[in-house]
Amino acid sequence: MGSYADEINKRRTFAIISHPDAGKTTLTEKFLLYGGAINLAGSVKGKATARHAVSDWMEIEKERGISVTSSVLQFQYGGFCINILDTPGHQDFSEDTYRTLMAADSAVMVIDASKGVEAQTRKLFKVCVMRRIPIFTFINKMDRDANDTFELLDEIEKELGIATCPMNWPIGSGKSFKGVYDREDKCVITYSDTEKGTKEGQALQIPITDEDALVSNIGEQFKEQLMDEIDLLDGASAEYDLDRVRAGELTPVFFGSALTNFGVEIFLQYFLKMTTTPLPRKADVGLIDPVENEFSAFVFKIQANMNKAHRDRVAFMRICSGRYDANMEVKHMQGGKVMRLSQPQQIMADERKILSEAYAGDIIGVFDPGIFSIGDTLCMPKDSFQYEGIPTFAPEHFARVRQLDTMKRKQFVKGITQIAQEGAIQIFQEFNTGMEEIIVGVVGVLQFDVLKYRLENEYNVEIRLDNLPYEHIRWIENKDIDLDKLSGTSDMKKIKDLKGNPLLLFVNPWSIKMTEDRNDGLILSEFGRN
Ligand code: G4P
């Protein structure tokens, strides 16, 4: 098992979260540059093209003649094999964004220094907390005027409820950004605005004790301010504690500027020292250790139409233990079948290659003929266990869907069920109605458009969507509940999922509380189980 343990132990698998425009894409691009995965240095691309090349992932692949989109990048750096999971943002925000976090062992949170904590970060952060994974914070855009550093840290602590430990400390911002003070090395690293796309410039490292050099490089005023702030910091900020970082209770904070490529490599180096090797994962037989066990994986994402020419689906799985070898037989627990995975692929920044092997921590995509569902487990034929399911995240937008041509009922049912199975939407029914009229719930409103478009284009079915006023959904945890006896509020709606489980829709949080108060023993949950 020797070399295989080494391979697993050098893996680091993390997700990047941020609010749109905080600089997630730019930071990822710089990471890749250090890993040598892409080389933008010599290219004559405009800034926008270069940026979108990574932002959409797709563009890189198009450029290199690969016809699929992906959301996982792998690169090597400093002896580590790093897997970055992109969390789709902007209008693409959807349940997939949440699910991606289920496949990561840690998260990097990018915050815009002039904006602080924003809405989307808050939502994603909740999922990280639920999973108790370590979170590393990169405060970006220090080359622009930034909010007060103490206030930024305070905001993270208050808004997100996590303690912060600045690993470095910015000196000025915007036009007068001078660099950062490294608290461990006790030296100032001066800011150098390197050309975009090149590696980090030759920044100076000045020991904090070398006052003359400090004054001549950052100026008397900034030196004085820094000294005061260091004093304040040493007294006030949380102490660095790796155990608390790993428990997701304390976030190490770094400052830099992804665009000008300052502070990125420093961040990457510290991050790699602090983050974990692939973590054990909970299954129905207990924790599965990544090294001690043979191959196992779970499906966290299903993507349809990877290749427009063929209506294909790719199931993304996170390998949780052991080594995956192409051609080996695996057992799909939920389907109860032993099989060979079809065309297992690893999708890299620069190529999409058919895999010969992969290890715990890696993400692989396999062709899915429609047998996999989100949360499914794969393991060795001799083994028998299932990983804890991926929760169903509460949709926040609901609409009633009607098919316009009742003759096409069969296609409609097929289409909408398949799209739901891929996890892009959730479907519900009223009690007493059939499949001709259903309620769809989504995490991001764009999914409504995607649903309409896909039903029309792939299944040739036209639909009408009527928005409903509900914003909150609750799963009922109590078994054998008599819904007729449930005393709710006037704005509450009782619905069921396709398995017949009852759920409640509410317009506001107040009604949820009211319903809980009125029904003794009623247990409502924000996360559904797959
Ligand atoms: P995202 O993936 O989190 O959505 O953000 P992205 O990296 O696309 O960055 C959003 C905008 O912020 C981009 O500018 C990008 O160039 C800029 N940006 C990223 N990091 C920094 C930084 O450290 N400093 C400064 N000053 N800007 C940064 P844009 O105006 O949207 O696009 P472009 O026209 O400049 O390319």
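Close-up 1. Lys223 and Glu211 form a salt bridge whose closest N and O atoms are 2.9 Å apart (a side-chain nitrogen of Lys or Arg within 4 Å of a carboxyl oxygen of Asp or Glu). Lys223 sits in helix α9 (residues 220–236) and Glu211 in helix α8 (residues 211–218), so the pair ties together parts that are 12 residues apart in sequence. Helices (H or I, at least four residues) and strands (E, at least two) are DSSP runs, numbered from the N terminus.

**Close-up 2. Glu422 and Arg454.** Here the closest N and O atoms of the Glu422–Arg454 salt bridge are 2.8 Å apart. Because Glu422 lies in the loop between α12 (409–421) and β25 (426–430) and Arg454 in helix α13 (residues 446–459), this pair ties together parts that are 32 residues apart in sequence. Glu422 is buried, at 4% relative accessible area, and Arg454 also counts as buried, at 10%.

Close-up 3. Take your time browsing: the structure holds 30 salt bridges.

**Notes.** Residues are numbered from 1 along each chain as its sequence is written. In this predicted model, local features need pLDDT of at least 70, side-chain atom pairs count only at pLDDT 80 or more, and totals for chains, interfaces and linings use all residues, while side-chain values use heavy atoms, leaving out hydrogens and water.

Conventions:
Buried means under 20% relative accessible area, exposed over 50%, partly exposed in between (1.4 Å probe, protein chains only).
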